[in-house]
Amino acid sequence: MEATVSEQFGEPISAGAAPRTWGSGELTLKFDDGFDLARVERLLQQARERGGPAPETLCTLNLVAIYFNAGQYERAQEALEMAGTLHPCRLIVVIADGITPEESLSARVSVVRSAGAITVERIVLAATGRAVRHLESAMTGLLRAELPRVVVWGGRPHGDLMRRAVEAADRIITDSGARPPGYLAETAKLLGKGAPIGDLAWARIFPWQSLAADTLDLPTLREHRGNIRKARVVCAGAVGAEGLLLLGWMQSRIKRLEVRIEAEGEAEEEPASAAGPIPRCAPLGLGQVKLFEFEASPATFTLRREKGLLLADVKGDDDGYTANRVRLPPETPGRLLALELKILSGADELYAQAAQAAAKLLAAVRS
Amino acid sequence: MPYTPEHDEVPNPLRPGLRAESAPEPCALVIFGGTGDLAQRKLVPALYNLAVTGHLPAAFGIVGVAKSELSQQEYAQSMREAVGKFSRTKPIDPDIWQDFAAGMRYVAGSFDDPDTFARLRAQLEELDRARSTRGNRLYYCATPPSAFPTLLQQLKGAGLINPPNDSRFTRIVIEKPFGHDLASARALNRLIQEICDERQVFRIDHYLGKETVQNLLVFRFANSIFEPIWNRRFVDHVQITAFEELGVAGRGRYYEEAGILRDMIQNHVLQLVCLSGMEPPVAFDADAVRDEKVKVLRAVEPFQSPEEVARSVVLGQYTAGSVAGADVPGYQQEKDVAPGSRTPTFVALRLNIRSWRWDGVPFYLRSAKRMPKRATEIAVFFHSLPHSLFGEGATQPNVLIIRVQPEEGIALRFAVKVPGERYMPRTVSMDFRYGTAFGMTVPEAYERLLLDAMRGDQTLFTRRDEIEAAWRIVDSILRVSESKEFPPPNPYPAGTWGPPEADQLIARDGRAWRRL
């Protein structure tokens with residue numbers, strides 16, 4: 001089995017957009033020696049009142065996003081806001097920059113309104129140097145009681161902080177697709193211990209999984225359900241987490257499945273401009289799935305991207321035909337994060353099984 | 001290999017655990033009445049929005065069937081204008097529209113003419129080839145009810161209805177009103193049964209497609225605090241209101257035949273009664289939910305005598321008045337309405353549900369046209385306190401209000417202490433606005449229902465026995481109210497809350513209508 005495994009992956013859970021400037025409605029506090037949470041809460045109240053009286057504040061979860069420099073957060077800001085609007089929350093962003101030697105502490109607060117109601121209360125806690133030691137307790141003190149705690153993890157899936165996040169959070173969301181594939185193997189280890197981890201790379205392959213399942217539900221193709229023996233995935237440019245997860249999922253569903261993963265071509269360029277007012281599907285990113293094929297003798301099912309569509313071609317004794325197709329959704333990180341936030345606690349067993357199978361597959365690819 | 005039911009015995013190994021709902025199979029949707037008001041205002045905009053949200057199968061086509069002589073291009077253009085005007089997503093996305101319109105066809109002809117259906121068949125076969133719709137058909141009868149029997153017979157005659165276990169599905173969506181009374185509803189059901197299977201029939205009531213109506217099921221059965229008090233021990237009475245500002249809006253001919261009882265009570269309002277009164281279903285599937293709904297309707301005591309109707313039902317008809325600051329004509333001055341018409345545009349009535357849960361808890365229903373404002377809601381009034389610590393009349397009963405439209409949401413009224421020295425209770429309202437809470441535009445009811453019909457999910461569609469049970473209740477009123485002996489509807493000026501007799505109806509029980 002031959003494949004290219006690239007280390008050239010993007011930022012974790014970023015919007016894929018140019019960095020945003022801080023919102024004009026943001027209020028800032030700087031601290032000299034440790035945070036003063038009462039002052040942060042008062043500042044939040046001011047932010048709530050700034051846009052006039054809010055009829056209601058909706059909150060369904062605590063969303064904690066952890067990054068290790070300000071740039072990472074700036075790139076992820078739009079995604080977090082979008083997910084927060086769809087899942088009203090208290091968003092606590094923790095920026096722990098331990099590399100910058102100078103010590104500093106700051107809190108920035110703002111609210112996002114949707115049709116008048118406050119749907120996101122955002123608190124950004126930033127620390128540099130040794131001051132990062134204050135972040136964890138400050139974040140804990142600002143969590144809203146009772147509500148689920150979901151952590152968006154912007155770093156490597158290991159270390160003390162990650163371990164404590166796994167212990168304290170109801171769910172942790174990563175994006176193994178934005179990291180070199182080795183990170184998926186680390187995630188799989190944690191999943192093996194029951195860590196409640198979700199993954200945007202997993203959400204990115206939902207359309208492939210659905211189309212494959214829907215195609216096997218077509219009455220004239222149901223006869224092939226019991227005959228799947230081989231599966232193959234082609235990734236764009238390099239083997240990525242999405243392709244590994246797709247094959248891992250197939251292996252976890254079908255016993256004695258022979259699998260193959262390959263890389264060919266390149267990632268797609270970002271479109272220069274959107275053609276219409278409706279968001280388009282994202283361009284094919286590095287390592288993402290380009291083609292997915294499975295054999296159920298005598299039929300071969302080939303799922304492939306074509307313009308904004310995902311097509312399922314079936315070839316058997318005849319010349320073949322397109323049996324099914326779906327429109328690819330606009331997979332922005334915000335939308336993917338919103339999809340993952342539909343589960344607020346516990347592990348997704350299907351993902352855990354797929355990730356562990358994918359980790360074994362990766363080991364085989366590398367050997 | 002052709003499909004045989006044995007193939008279903010091997011489960012789909014890829015389906016378990018998937019989070020995404022299954023996509024609809026490729027299909028062609030035929031709209032009878034394809035140029036009509038419903039098609040232009042609701043159906044085609046809803047289908048376009050499903051394309052925008054990526055829920056429509058990519059292999060999809062629409063065939064409009066109507067009398068007007070139009071070319072395919074003219075039809076597509078008229079639908080584009082309709083979508084531009086009535087779609088919830090604007091402006092039209094040219095790329096999505098291009099693909100959507102490429103699957104649009106039109107057949108001109110009369111429903112009485114078998115040749116219309118021969119041409120429809122040819123058009124559908126062409127769509128199968130051009131758009132890979134694979135022989136799956138969804139027929140939507142957006143026509144007056146008088147056309148339903150002809151349509152069904154012509155479809156059957158043209159060989160356009162496949163058996164229910166065929167690999168190519170045939171489904172038929174039938175718009176309300178389903179029949180004119182119990183007898184005609186039964187006759188129509190019998191005809192349907194002769195032509196196709198109940199599993200292929202989707203009787204649509206667009207109220208069930210509204211998010212807030214579906215939320216009622218979640219609210220009742222996903223919260224542990226409400227269900228224990230949702231019964232005669234804690235609930236004093238229930239008020240269900242469906243008020244419109246609009247008059248008959250150019251539909252005088254239809255309304256003269258229907259009236260408020262057929263237009264609103266038999267379907268929308270009784271569906272709200274079912275959802276508020278039903279027991280928890282054993283599962284959340286089509287038959288389990290509908291089994292429980294039909295039990296509510298069967299438990300409703302029909303009106304046994306003219307005296308009982310006179311005591312429990314108040315009918316009204318609007319006269320000229322002012323609504324939203326503008327003069328409006330009376331019902332009898334509307335187009336296609338007969339002078340001296342006895343058609344009611346207002347009804348207030350009291351229902352008794354003879355069940356373990358609801359016996360002794362009256363359900364007051366009211367529905368009307370030309371009200372001061374549009375409002376559809378369910379208000380559950382809880383019992384008054386057995387003893388007030390804070391003085392007689394100092395507290396009001398708790399009320400839970402489920403607003404269906406507008407400003408969809410849930411409100412709970414309860415007493416709190418006014419800050420200060422004395423114990424002075426004041427009733428406040430805790431308000432949850434469902435429509436804006438989740439930062440997304442709530443989909444139109446027809447989007448959900450069309451998608452469910454394409455998926456073959458009948459949960460939000462009315463079953464045969466449900467329709468007949470609802471008609472049994474309404475028929476027991478109509479038999480009396482449409483007789484010459486029954487007094488004509490009470491007049492009320494447009495823009496008022498209805499005739500005073502409606503207030504007296506509830507006041508006799510020591511209660512009052514909720515102020516809107």
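Which strands of chain B does helix H8 (residues 252–277) lie across, and at about what angle to S12(B) is it running? Some notes on that and the rest of the model follow.

1. Ground rules. This is a predicted model, where local features need pLDDT of at least 70 and side-chain atom pairs count only at pLDDT 80 or more, while totals for chains, interfaces and linings use all residues. Residues are numbered from 1 along each chain as its sequence is written, and chains are lettered from A, with ligands numbered from 1, in the order in which they are written. Helices (H or I, at least four residues) and strands (E, at least two) are DSSP runs, numbered from the N terminus.

2. The opening question. H8(B) lies across S7, strand S11 (346–351), S12 and strand S13 (375–382) of chain B. Its direction is at about 140° to S12(B). For angles here, axes are lines fitted to C-alpha atoms (for helices, over the stretch in contact), and the values run from 0 to 180 degrees between N-to-C directions.

3. Chain B has an open sheet of 9 strands, in the order S16-S15-S14-S13-S7-S12-S11-S8-S17, with mixed pairing. The edges are strand S16 (425–433) and strand S17 (490–493) of chain B, each pairing on one side only. Ignoring direction, neighbouring strands of this sheet are turned by 20° against each other on average. Pairing here requires that DSSP finds at least two bridges between the two strands.

4. Strand S7 (residues 235–243) and strand S12 (residues 363–368) of chain B run parallel and are joined by 6 bridges. In this part of the sheet, B:Phe243 stands opposite B:Ala368 in S12(B). Helix H7 (residues 211–221) of chain B also packs on the sheet, where it touches strand S14 (399–405) and strand S15 (409–417) of chain B. The direction of H7(B) makes about 145° with that of S14(B). Contact, here and below, means that the C-beta atoms of two residues, placed from the backbone, lie within 7 Å.

5. H8(B) against H13(B). The axes of H8(B) and helix H13 (residues 464–481) of chain B come within 10 Å and cross at roughly 145°. H8(B) contributes B:Leu261, B:Arg262, B:Ile265, B:Gln266 and B:Leu270, while H13(B) brings residues including B:Trp471 and B:Ile477. By class, this contact has 9 nonpolar, 1 polar and 1 charged residues. The classes are: Ala, Val, Leu, Ile, Met, Phe, Trp, Tyr, Cys and Pro nonpolar; Asp, Glu, Lys and Arg charged; the others, Gly among them, polar.

6. Domains of chain B. The assignment gives domain 1 (23–175) and domain 2 (209–507); such bounds come from an automatic or database domain assignment. Their C-alpha centres lie 33 Å apart. The contact takes 14 residues from domain 1 and 10 residues from domain 2 of chain B. On the domain 1 side, H1(B) has the largest share, 6 residues. That side divides into 9 nonpolar, 2 polar and 3 charged residues.

7. Domains of chain A. Here the assignment is domain 1 (27–200) and domain 2 (203–336 + 347–366), with C-alpha centres 32 Å apart. In this chain, 19 residues of domain 1 are in contact with 23 residues of domain 2. H2, helix H5 (182–192) and strand S8 (197–199) of chain A each supply at least two residues of the domain 1 side, and H5(A) gives the most, with 6 residues.

8. The interface between chains. 41 residues of chain A touch 35 residues of chain B. Among the elements giving two or more residues on the chain A side are helix H2 (70–86) and helix H10 (349–366) of chain A. H7(A) gives the most, with 8 residues. The chain A side divides into 20 nonpolar, 11 polar and 10 charged residues.

9. Confidence. The predictor gives the complex an ipTM of 0.83 and a pTM of 0.80. Chain A averages 83, and 88% of the residues score at least 70. Over residues 1–7 of chain A, pLDDT stays under 50.

Technical notes. pLDDT is the predictor's confidence in each residue, from 0 to 100.
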